[in-house]
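Thanks for making time. I have one structure to go through this morning, so let me put it on the screen.

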Amino acid sequence: MRSLLAALPFPPMNDDFRSAAQAAAQLVADYLDALPSRPVWQPMDPAERSALLELELPEDGASFEELLTAVESRIMPYPMGNGSPRFFGWVNSAPQPAGVLATLAASAMNPSSAGGDHADVHLERAVVRWIAELVGFPHPPGGGLLTSGTSMATIVCLAAARSRAARTAGWDVREDGLAGMPPLVGYVTGEAHSCVRKAAELLGLGSKHLRVVAADQDGHLRLDSLEAAIAEDRAAGRLPFLVVASAGTVGTGAVDPFEPIAELAAREGLWFHVDGAYGAFGVLDPEIAHRYRGLDRADSLALDPHKWLGVPVDCGCALVRDAAELRGTFSLVPSYLRDEDAGGLGWFSEYGTEQTRPFRSLKVWASIAHRGRSGVARDVAHCTAQARRLGTWVEQDPELELLAPVETSIVAFRYRPAGLDEEAAQRLNSLLPVAVQQRGRVFVTGAVYRGREMLRACLLNSATTDEDLRLLLAEVKSAGAELLDRGRTSE
C-alpha cells in the first residue's frame, strides 16, 4: 500500500492542512457564536473595499495560515448580515450549522452530480423526495432535481410547460423553435417574482406574452380576471398555456388560492406552476396550512431549500408531476456520456440545463436530518407566529401602519406618525430602510406595495426573539424620527 501511495501524483494531506482545517472550523464556530452580539451589518471600510477590488494576482502562493488570516481579518468582519437573528431583509436565511459542516465534506469530495453510481446522485434523489414530502407535493421517480435556486428551477419548470404546450399545438419546440407559432401566453399577478419574467424572456416567450392579471386588495390572484384574460387571448388567436401562482409573494407573503386556480387550469388546459421559493414550507405550520390547499394539484413547483430551510446557498429545487415531460424537455445524451447502468431514470443532467452539477444534496440532507421533520416544522411555525405577533404590534402602534395581512412570515408596514401627509410618508419610507441598516442594530429592507413605499420584515430565523422584534420597531421609529428632524432642520 505504501508503494502505491508513493506513486500517486500528489502527496497525502500533511499536517499543515490538518492544522488549518481545525483552525478554519474554530474560526467558523467563533463567527457563528458572535453573530448575536455584533452589528447586523455595517458599511465596509473604504480602504478595505478598495483593497478587495484591487487585489493583484499573486505570483507566489500563500500558506494556509496566511489564507485564514486574510479571511478572518478582511472578509468575515463584513458579512451581508443574514446570519443574525435581527436580520429581516429580503428573503435570506441564516445557514443551518449542520449544512455548514456538510458543505465542507461535499467540497472535499467535489463530484459532478450529473449522474453515475456515486453517493451524491442517490442522495439527491432521496432529498428531492424529502422536500416533496415536506410540502405535500406528488413525487414520481425522477420528478425533480436540485438547482442553483428558484430562478433556475423556474426556467426548468416553464421550459417543460412550453414544451408540452408547443407539442399540443403540433410543434416540436426543440427542433423548430417558436418561430411561426402563435404566441404562447402565461398569466401572473403584479406580485409575481421577477424570475418568472426572466424565465419567459429567456425561453423566447417574450415578456409581453406574460400577462399581468388583477389581484385583490390583499395581493391574491383574481379568478375572474384570469378567466377574462384567457378568453380574450383565445379570441385573438393566441395560445394560453401557463398560470403562475405564489405560495408566498416576496412583497407581503400572500398565498394565492390554489384550489380554484387548479380547477381553472385543468378546465382550460393550462400548466399550473407554483412559485414556492420562499413560502412553500409554510404549509408545515398547522396554523396556516389551510392556505396551501390545492398546492398538490400544481403541475410544477419551484422552491428554495436555501431560504426557509436554512440550507447554505446555493440550493433551489424544481418539482414536477410528470417526470417524462421534464426529461423530454432536456434530455440529450452524447456518446461520451452514455451510461448503460444508469437505469430507467437516466442522469440528472437529462432533466435540466446543467451538465456539471455541484454536490448540493449533502447540505440539504444534513440541514433536514439534523432537525427531522418535526424540527423543521417547529422552526417554520416559530417564524410565522413571530410574524403574526409583529403584525399585531404594528397595528397597535399609532406611529406605524400595517399594509397587508400577515399570511406567512412577512410583515409589510410603514412608519407614519401623526400629521404626516401621503407625499411626505412616501418620501420618508423610501429612505427609511437604508437609514435603519446603517445604524447596525437591525436590518430591514423596503419595497413598494400597491403604490406605497414600505418596509418589509421577513422572518426566517428561528433564533429571532420578541426582544429582537421590539428592537426592530424601536429602530424604525427612531431612524424615522431622525430623518424627519433632519428634513425639518434642512428646510
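I will take a sheet and its helix, and then some salt bridges.

Keep in mind that this is a predicted model.

At the β8 end, three bridges connect β8 to β9, residues 410-415, in the antiparallel sense.

Now the charged pairs. The model has 30 salt bridges. R416 and E422 form one of them, at 3.0 Å from N to O. R416 has a relative accessible area of 26% and E422 has 33%, and both count as partly exposed. Through shared partners, salt bridges join E401, R414, R416, E422 and R452 into one network.

Two further pairs link parts separated in sequence. R297 bridges to E259, with the closest N and O atoms 2.7 Å apart. R297 is in the loop between β5 and β6 and E259 is in helix α11, so this pair ties together parts 38 residues apart in sequence.

The other is D314 with R360, 3.4 Å from N to O. Each sits in a loop, D314 between β6 and β7 and R360 between α12 and α13, so parts 46 residues apart in sequence are tied together. Buried or exposed, where does R360 fall? R360 is buried, at 3% relative accessible area, while D314 is partly exposed at 27%.

Note on methods:
Residues numbered from 1 in each chain as written. Predicted model: local features only at pLDDT ≥ 70, side-chain atom pairs only at ≥ 80, totals over all residues. Heavy atoms only, no water. Pairing = 2+ DSSP bridges. Helix = DSSP H or I, 4+ residues; strand = E, 2+ residues; numbered from the N terminus. Salt bridge = Lys/Arg side-chain N within 4 Å of Asp/Glu carboxyl O. Buried < 20%, exposed > 50% of the residue type's maximum accessible area, 1.4 Å probe, protein only.
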